[in-house]
Amino acid sequence: LLKEIGVLLEHESPTVQMEAARFLSSLPTDLERQIRIPEFTNKLERALDLWKRSLALQNDRPTTHMILGSWYVQKGQLNSAADEFRTAIRIDPNFVGPRINLCEVLDYQLRELTSRAQSQRDNMSAIEQTNLRNNMSRLQLEIQRLRNEEHELLAVDIKRSAGIPRTDSLHFRYAMSCYLMQDNAGLRKHLGIAYEMAPKNETYLLALVEMHRLAKEWNEAKKYLKELLELTPQNPQYLQLERDVQLEASAGADGR
């Protein structure tokens with residue numbers, strides 16, 4: 001299959017070349033390395049360059065930089081990804097999405113710094129430790145600021161969407177934002193609305209299970225787990241979750 005897609009790098013249509021290159025470049029690093037044989041490498045690079053230049057023609061659109069940022073994340077080029085997400089925000093400060101993507105990149109970088117601080121603390125000078133703590137604090141502040149801004153933008157979209165059908169994904173995103181903002185009432189309200197609009201959406205059901213599980217509301221957690229298992233009875237993730245919830249519920253009952 002990969003060789004068949006690789007052949008498309010020589011297709012007469014530039015659009016087909018670009019789509020083939022985008023697919024191949026989005027593969028996991030170890031798999032991509034396997035197909036980077038001489039006959040494909042140069043063609044892949046040329047097609048990718050063509051794809052990037054086509055996006056550059058739409059350089060004034062935030063979606064262009066969202067696409068590029070997400071592509072850089074797939075490639076593990078996090079600094080480039082962060083630059084693209086920041087550009088998307090700068091082009092349209094009211095555009096929803098790039099802040100959360102940027103938060104994910106910064107959160108990963110923060111975890112890396114935290115791990116380094118713990119593992120290399122004894123080998124770092126006092127100045128290095130201070131610089132590392134300052135960088136960690138800077139990232140924490142930026143992440144919180146971005147989350148606050150995204151939450152406000154989503155709140156505006158929620159108000160605008162009143163009465164509009166099929167806005168479950170918006171309510172779900174706002175619910176997850178409420179979770180990050182530690183707004184439990186908002187989480188429950190908007191996750192409930194998303195579920196009411198799309199009761200067979202497995203993502204919403206799974207979120208409901210986890211929400212009630214964290215609150216130790218076992219009957220509710222089991223209810224939504226049952227609905228999940230009715231949709232996909234043999235899903236190993238859901239079966240394991242069912243076992244975990246049963247154990248936790250039993251332990252909670254024994255501890256009373």
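Reply: Q182 counts as exposed because its relative accessibility is 73% (exposed means over 50% relative accessible area, buried under 20%, partly exposed in between, with a 1.4 Å probe and protein chains only). This is a predicted model, where local features need pLDDT of at least 70 and side-chain atom pairs count only at pLDDT 80 or more, while totals for chains, interfaces and linings use all residues. Residues are numbered from 1 along each chain as its sequence is written, and side-chain values use heavy atoms, with hydrogens and water left out.

Back to Q182: you'll find this residue in the loop between α9 and α10. Helices here are DSSP runs of H or I with at least four residues, strands are runs of E with at least two, and both are numbered from the N terminus. Most residues other than glycine have a negative phi. R166 also has a positive phi, about 60°, and isn't a glycine either. R166 sits in the loop between α8 and α9 (168-180), and counts as exposed at 78% relative accessibility.

Now follow the chain into α10, which covers residues 184-197 and includes M197. M197 is partly exposed, with a relative accessible area of 36%. Setting aside neighbours within four places in sequence, M197 is in contact (heavy atoms within 4.5 Å) with I164, T167, D168 and H171. For T167, which is 30 residues away along the chain, the C-alpha atom is 7.8 Å from that of M197.

Further back, α7 (residues 98-119) packs on α8 (residues 126-160) at about 160°, axes 9 Å apart (axes are lines fitted to C-alpha atoms over the stretch in contact, and angles run from 0 to 180 degrees between N-to-C directions). That makes the pair roughly antiparallel, the label for angles over 145 degrees. The contact includes L106, L110 and L113 of α7 and L139, I143 and L146 of α8. Its residues divide into 13 nonpolar, four polar and seven charged; Ala, Val, Leu, Ile, Met, Phe, Trp, Tyr, Cys and Pro count as nonpolar, Asp, Glu, Lys and Arg as charged, and the others, Gly among them, as polar.

Zooming out, the chain has 13 helices and zero strands, and buried residues make up 39% of its 256 residues.

Conventions:
Angles under 35 degrees count as roughly parallel, over 145 as roughly antiparallel, 65 to 115 as roughly perpendicular and the rest as oblique.
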